[in-house]
Amino acid sequence: MNATDGDTPGGVAARLTGRAVTGERRRSAALTEVALDDGRTVMVKRDDEGAVRAEAAGLRWLARAGAVAVPAVRGADRHWLVTELVAEGRPDARAAERFGRELAALHAAGAPAFGAAPPDGPAEAFIGRAPMRNVPGADWPGWYAEHRVLPYLRRAVDAGTVRPAEAADVERVCARLPGLAGPAEPPARLHGDLWNGNVLWGADGAVRLIDPAAHGGHRETDLAMLRLFGCPHLEAVLAAYDRAAPLAAGWRARVGVHQLFPLLVHAVLFGRGYAEQAVAAAREALAA
C-alpha cells in the first residue's frame, strides 16, 4: 500500500509499523515524532519518492556493515520513511574515539565500485536536496571528476554562482587528479553526506548516522566532510580512525580535493559563499 496525499504522520506510522499511535509531535514540515502503543517512539519523514527510496536503501546498507549505528528502518513507501528515534546525548571524547573506530570499520565494509548505489537504491539519488547520480566506475580520480565534481560545477556556472575563470581552476584540478589523489584505494562504503548535522551523539554513548547519501567512494571524502562542517572532538575521531585503519601518507594535504564535491553541492543549493570556498580549495590544491 502506498502513501497518499491524505496520509498523516500518525496514520503512516500505524500503517507501516502495525502499532497503534498514542501521540505525535511535529519537529518540522517534514519530520514528526510519533509515539506507539508498545512504548517506542519513531520518526516519520515525508519526502519525494526517489529521496525516500535512496535514504531507506542507504540506511539498510550502512547498517549491514555492523559498524557505525544508524536508526533502524521501521517502514517505508513511496513518500514516507519511518525510523527509530534516537535519544540524543552530548558529545564526549570517549564517544568520539568509538565513532572513529566504527567509521573505519564502515568504510572497510567496502562497495562493489566507486559510485555504486546501495542494493535496491536508485541510481538517481540525492545529496541533501541536490540530485546525485550513482554511476559505477573503476578509477577514483576519473570517476570523482566526472560524477562528483564537474556536474555541480556546471550547474553552478550555469546559475552564475561560479564564474568561468574560476571554473577553469576547478577543471584544472580535475585534470590533475591522478597525481593529486594519493595511493589507490579500494571503494569504501561511504555515508556520503557526513556533515556534523548528520552525526547524532546518542544518550547511550554511541554515535548514529542519519540522512545518508550512501555510495561507494573514497574514504577520505567522508573525513573531509567532517572537517569542512565541523565535528565535536574531531581530532579524537581522526586519531582513533587512523589507529584502526591507517590513512595514506599526505591525507591531510588532500582534504581540499575531497571537499570540492560537498562545497560545489552547497554552491548549487546555497549560493556564492560556498562557491568562493570551492574555488579557494581548488587553487590551494593547484599550488601544492
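User: Why are α8 and α9 called roughly antiparallel?

Analyst: Helix α8 covers residues 255-270 and helix α9 covers residues 272-287; they pack at an angle of about 160°, and their axes are 7 Å apart. Angles over 145 degrees count as roughly antiparallel, and therefore α8 and α9 get that label. Their crossing is left-handed.

User: Which residues meet where α5 packs with α9?

Analyst: From α5 come Glu166, Asp169, Val170, Arg172, Val173, Arg176 and Leu180, and from α9 come Arg272, Val279, Ala282, Arg283, Ala285 and Leu286. The classes here are 7 nonpolar, no polar and 6 charged residues.

User: How do you know that α4 is roughly antiparallel to α5?

Analyst: Helix α4 (residues 140-158) packs with α5 at an angle of about 175°, and their axes are 9 Å apart. The cut-off is over 145 degrees, so α4 is roughly antiparallel to α5. In this contact, 13 residues are nonpolar, none is polar and 1 is charged. Trp140, Pro141, Tyr144, Ala145, Val149, Leu150, Leu153 and Val157 of α4 meet Ala167, Val170, Glu171, Cys174, Leu177 and Pro178 of α5.

User: Why is Asp120 called exposed?

Analyst: Asp120 has a relative accessible area of 68%. Exposed means over 50%, so Asp120 qualifies. Asp120 sits in the loop between α3 (93-108) and β6 (124-127), and its phi is positive, about 70°, although it is not a glycine.

User: What makes His233 partly exposed?

Analyst: The relative accessible area of His233 is 36%. Buried needs under 20% and exposed over 50%, so His233 is partly exposed. Its place is in the loop between α6 and α7 (234-244). His233 also has a positive phi, about 55°, and is not a glycine.

User: What makes α6 mostly covered?

Analyst: In α6 (residues 219-228), 9 of the 10 residues are buried. They are Arg219, Glu220, Thr221, Asp222, Leu223, Ala224, Met225, Leu226 and Leu228. Just after α6, Gly230 takes a positive phi of about 80°.

User: How confident is the prediction, and where is the pLDDT below 50?

Analyst: The protein chain averages a pLDDT of 95, and 98% of the residues score at least 70. Over residues 1-5, however, the pLDDT is below 50; that stretch has 13 contacts in the model beyond near neighbours in sequence. Where pLDDT is low, the predicted coordinates should not be read in detail.

How values were computed: Residues are numbered from 1 along each chain as its sequence is written. This is a predicted model: local features need pLDDT of at least 70, side-chain atom pairs count only at pLDDT 80 or more; totals for chains, interfaces and linings use all residues. Side-chain values use heavy atoms; hydrogens and water are left out. pLDDT is the predictor's confidence in each residue, from 0 to 100. Contact means heavy atoms within 4.5 Å. Buried means under 20% relative accessible area, exposed over 50%, partly exposed in between (1.4 Å probe, protein chains only). Helices (H or I, at least four residues) and strands (E, at least two) are DSSP runs, numbered from the N terminus. Axes are lines fitted to C-alpha atoms, for helices over the stretch in contact, and angles run from 0 to 180 degrees between N-to-C directions. Angles under 35 degrees count as roughly parallel, over 145 as roughly antiparallel, 65 to 115 as roughly perpendicular and the rest as oblique. A crossing is left-handed if the near helix is turned anticlockwise from the far one by less than a right angle, and right-handed if clockwise. Ala, Val, Leu, Ile, Met, Phe, Trp, Tyr, Cys and Pro count as nonpolar, Asp, Glu, Lys and Arg as charged, and the others, Gly among them, as polar.
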